[in-house]
Amino acid sequence: MSQQTPPSPHAFRVATLKQNTETRFSLRPDASALKTMAQDLELLGLRKLSFSGRILAEGSKDWRLTGKLGATVVQPCGVTLDPVSTRIDEPVNRMFLSGYVEEDAPDVEMPEDDTVEPLGDWIDPEQIMLEALVLALPLYPRSEGAALGESVFAEPGVSPMRDEDARPFAGLAALKNQLSDPEPGKD
């Protein structure tokens, strides 16, 4: 049974796409939609989100979507929690294959080409826009000058282990340099 209701107002029904001409799209969510998306993605802010591109036939049964995603996102700094603005400009490419079979075994590895998807009844640029935005978000945004300091913890009476203590080869390298350099003043 095929789905009659589009997944979003911007979705294209594959059966109505023209095989010999491209289908263009351009999405610019309004302020209300941006606010909702920012809340859903746990962002401090989302501005200037746009996604435009085209859908083209590939052969007789497959389709390709290419586009450009642009956005300005505001996230909390991973160190200070101060707001950090990031501009995102990403190319987006998806290939929808009619004969695509997704492996359902528990030990299946991720496919090398993550732009390939199974072709359904609809191609939804809005859904692809959100997916591309999530993938483009910085994982650990940092405000200017924010740095993680060294944290040293130990139980009372125990000497704390520092970052340098966990690097035994640094001490060996210093010892090697000491042994290979002639002592000053001796000839």
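Helices (H or I, at least four residues) and strands (E, at least two) are DSSP runs here, numbered from the N terminus. This is a predicted model, where local features need pLDDT of at least 70, side-chain atom pairs count only at pLDDT 80 or more, and totals for chains, interfaces and linings use all residues. Residues are numbered from 1 along each chain as its sequence is written, and side-chain values use heavy atoms, with hydrogens and water left out.

View 1. Leu175 sits in helix α3, residues 168-180. At 41% relative accessibility, Leu175 counts as partly exposed, because that label covers whatever lies between buried (under 20% relative accessible area) and exposed (over 50%), with a 1.4 Å probe and protein chains only. Together with Phe169, Leu172 and Leu179, Leu175 makes a nonpolar surface patch of about 480 Å². Patch members have over 30% relative accessible area and no salt bridge, with nonpolar side chains (Val, Leu, Ile, Met, Phe, Trp, Tyr) joined within 5 Å and like charges within 9 Å. A salt bridge is a side-chain nitrogen of Lys or Arg within 4 Å of a carboxyl oxygen of Asp or Glu. Areas come from the Shrake-Rupley method with a 1.4 Å probe, and for residues only the protein chains shown count as cover.

View 2. In α1 (residues 31-40), the buried residues are Leu34, Met37 and Ala38. They end up on the same side of α1 because they cover an arc of only 100° around the axis, taken from the directions from the helix axis to the C-beta atoms. The buried residues of α1 pack against β3 (45-58) and α2 (125-136). Just after α1, look for Glu42, with a positive phi of about 55°.

**View 3. The largest nonpolar core.** This core has 26 residues, and those with the most contacts inside it are Leu46, Leu49, Phe51, Leu65, Leu69, Ile123 and Leu133. Two or more residues each come from β2 (23-27), α1, β3, β4 (62-76), β5 (83-97) and α2, with β4 giving the largest share, five. A nonpolar core is a set of buried Ala, Val, Leu, Ile, Met, Phe, Trp, Tyr and Cys residues joined through side-chain atoms within 4.5 Å.

**View 4. Around Phe51.** Leaving aside neighbours within four places in sequence, the contacts of Phe51 (heavy atoms within 4.5 Å) include Phe25, Leu27, Leu65, Leu69, Val92, Ile128 and Met129. Ser26, Gly67, Lys68 and Pro125 are in contact with Phe51 too.
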